[in-house]
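Please look at the sequence and the predicted model below, and follow the account from the contact between the chains to the salt bridges and a helix.

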Amino acid sequence: MSSASAPAVSAPAISVRALVKEYKSVRAVDGITFDVMPGGVTALLGGNGAGKTTTIAMLLGALLPTSGSVHMLGHDMARDRFRALQRMNFSSPYVDLPKKLTVRENLRIYGRLYGVPALEKRIAQLAEELDLGEFIDRGLGKLSAGQQTRASLAKSLVNAPELLLLDEPTASLDPDTADRIRAYLQDYCKRTGMTILLASHNMKEVERLCDNVLMMKRGRIVDRGNPAELVARYGRKDMEEVFLDVARGTSAAAPAPHHPDPESPEGEAA
Amino acid sequence: MMPQGSLSRIYAVWLRHFYILSRSAPRLLEIMYWPSVQMVLWGFVSRFFAARGGADMATLDVALGTLLGAVMLWDILFRTQVGLSIAYLEEIWARNMGHLFVSPLRPGEWMCAIMLVSLCRALVGAIPAALLAVPFYGFSVFDMGLPLLLFFFNLVFMGWWLGLLITAMLVKAGPGAESLAWMTTFALAPFCAVYYTPDVLPLWMQQVGQAFPALHVFEGLRALTMRGEFIPHYMWTAFGLNLVYMAIGAAVLGWAFNDARRHGTLLQAGE
């Protein structure tokens with residue numbers, strides 16, 4: 001699943017160059033550049049206000065950058081975003097699906113929006129894999145947080161995306177449900193080769209799922225690497241401590257000695 | 001011709017609103033309730049004035065036909081506009097914008113879909129009211145024949161472009177400006193000479209009113225109900241104006257969406 005092991009010739013699933021977003025006097029994203037190679041899980045980490053959500057919104061085409069470029073699955077999001085959006089999907093606990101509709105109705109609607117062939121079969125498949133059967137015909141608003149998360153995940157997989165953007169996929173879930181979601185995502189990626197970019201505050205989740213990490217602070221990418229490397233380089237015992245070091249600026253460790261630059265020939269940042 | 005993918009996405013948005021409406025008796029009732037109540041109320045009002053004025057039966061029929069036709073057709077315009085704006089507000093209330101507009105759904109497809117939704121909502125409200133007028137007053141709006149279709153579609157068009165412009169304002173100003181969806185069309189009613197001829201208006205209001213397709217539609221309606229004469233000129237003028245305003249409405253809403261993407265308000269809508 002490691003993107004580091006992906007062939008050097010394959011095109012990045014996500015390619016971001018000198019991306020900037022300014023709101024009046026605030027520079028929410030400050031010239032970030034990175035690539036995410038196909039087939040891996042990459043985490044976008046940072047404290048509140050680091051610029052993760054703004055970055056994800058630009059990757060999805062929901063927010064226009066002030067400058068810089070975003071290519072998703074080879075499509076320039078400034079000119080050709082709908083072709084990319086057809087092949088990707090998104091899930092966030094902070095963006096709801098219509099709660100008055102049942103899970104099945106939501107999946108039918110989004111399945112049609114994404115032009116999914118044999119839609120009812122795909123819904124049945126997702127219902128089985130994500131164990132939605134018990135509540136698939138119930139209103140989304142009547143479900144528990146865990147059930148809603150599974151429904152939202154089903155929506156995000158309805159078009160069998162090649163690229164999935166997840167914003168805190170296990171936020172507010174109990175440990176058991178969160179663990180099941182992580183296991184499912186891990187298994188799904190292994191089976192399908194789907195690429196995931198994941199924003200999370202849960203460092204255990206990052207250690208378990210991700211083979212690459214981009215660490216953001218004040219709109220910039222301040223470090224990157226795989227979790228094991230980062231832990232070793234910072235001389236810490238886990239990603240939680242690395243995160244605190246980066247967020248508080250208390251690290252004695254220098255950032256990556258060689259910041260891989262995607263523009264350089266050997267560059268394969270994430 | 002529209003590609004298959006576009007039709008599927010338009011159908012998906014229509015389906016989303018169909019699911020909501022078809023299972024909510026209060027919503028359906030609300031859509032049907034006001035047009036029917038208005039029709040019954042205005043029918044009695046016109047009877048009252050015609051009878052007190054000593055009008056004979058023929059005059060009473062003309063008065064009823066003119067007033068009830070105007071009430072029903074004005075309601076078509078109003079319901080179409082409100083239906084379109086509500087289709088947007090439904091997404092805001094459901095906090096669903098962040099999913100909808102990161103899907104392959106194009107803004108133009110979404111506009112087509114919500115126009116279709118608003119047309120359905122208007123029909124659900126208008127048909128029971130029109131049918132109810134038959135037993136109550138012996139008046140059938142369907143007796144107008146083909147001209148009724150022309151009046152109807154011209155007013156639907158006007159409801160659409162008004163709805164697009166109001167939705168653009170909602171996108172720009174946020175859901176706090178929700179009352180715009182209900183107020184705006186009413187503010188135009190005096191200019192559109194719905195229940196009277198334009199010559200009762202002050203000159204400046206007559207001049208402003210000429211810019212609205214509805215004024216020409218209602219002039220056409222009165223020519224038909226009062227003189228039995230269908231004047232195509234009114235319909236062509238209304239249609240031409242509608243075409244221009246539709247293009248403006250779609251462009252303004254498209255601009256509002258892009259502006260929301262620039263300022264990051266698209267994903268936050270509803271919060």
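In this predicted model, the contact between the two chains draws on 30 residues from chain A and 31 residues from chain B. On the side of chain A, Phe82(A), Arg112(A) and Leu113(A) lose the most area to chain B, and together they account for 21% of what that side buries. The area buried between chain A and chain B comes to about 3000 Å², with carbon and sulfur atoms giving 59% of it.

Polar and charged groups also meet across this interface, where twelve residue pairs are found in polar contact and two salt bridges are counted between chain A and chain B. In a salt bridge between Asp96(A) and Arg95(B), the closest N and O atoms are 3.1 Å apart. Strand S1 (14–23), helix H2 (81–86), strand S6 (88–91) and helix H3 (103–113) of chain A each supply at least two residues of the side that touches chain B, and H3(A) gives the most, with six residues. Sorted by class, that side of chain A has 18 nonpolar, four polar and eight charged residues.

Over all chains, the structure holds 30 salt bridges. In one of them the side chains of Glu162(A) and Arg87(A) meet at 2.7 Å, N to O, and this pair links distant parts of the chain, 75 residues apart, with Glu162(A) in the loop between helix H5 (145–157) and strand S7 (163–167) of chain A and Arg87(A) in the loop between H2 and S6 of chain A. Both partners are partly exposed, Glu162(A) with a relative accessible area of 36% and Arg87(A) with one of 29%.

In chain B, the side chains of Arg27(B) and Glu90(B) form a salt bridge at 2.4 Å, N to O, which links helix H2 (residues 25–52) of chain B, where Arg27(B) lies, to helix H3 (residues 57–93) of chain B, where Glu90(B) lies, the two residues being 63 residues apart. Arg27(B) counts as partly exposed at 23% relative accessibility, whereas Glu90(B), at 7%, counts as buried. Returning to chain A, Glu22(A), Arg27(A), Asp30(A) and Arg220(A) are linked in a network of salt bridges.

Helix H1 (residues 52–59) of chain A is largely enclosed by the rest of the structure, because seven of its eight residues are buried. These buried residues are Lys52(A), Thr54(A), Thr55(A), Ile56(A), Ala57(A), Met58(A) and Leu59(A). Just after H1(A), Gly61(A) takes a positive phi of about 80 degrees.

Key: Residues are numbered from 1 along each chain as its sequence is written. Chains are lettered from A and ligands numbered from 1 in the order in which they are written. This is a predicted model: local features need pLDDT of at least 70, side-chain atom pairs count only at pLDDT 80 or more; totals for chains, interfaces and linings use all residues. Side-chain values use heavy atoms; hydrogens and water are left out. Buried means under 20% relative accessible area, exposed over 50%, partly exposed in between (1.4 Å probe, protein chains only). Helices (H or I, at least four residues) and strands (E, at least two) are DSSP runs, numbered from the N terminus. Contact means heavy atoms within 4.5 Å. Buried area is the accessible area (1.4 Å probe) that two parts lose on being put together, summed over both. A salt bridge is a side-chain nitrogen of Lys or Arg within 4 Å of a carboxyl oxygen of Asp or Glu. A polar contact is a pair of N or O atoms within 3.5 Å; within protein, one must be able to donate a hydrogen and the other to accept it, and residues adjacent in sequence count only if both atoms are side-chain atoms. Ala, Val, Leu, Ile, Met, Phe, Trp, Tyr, Cys and Pro count as nonpolar, Asp, Glu, Lys and Arg as charged, and the others, Gly among them, as polar.
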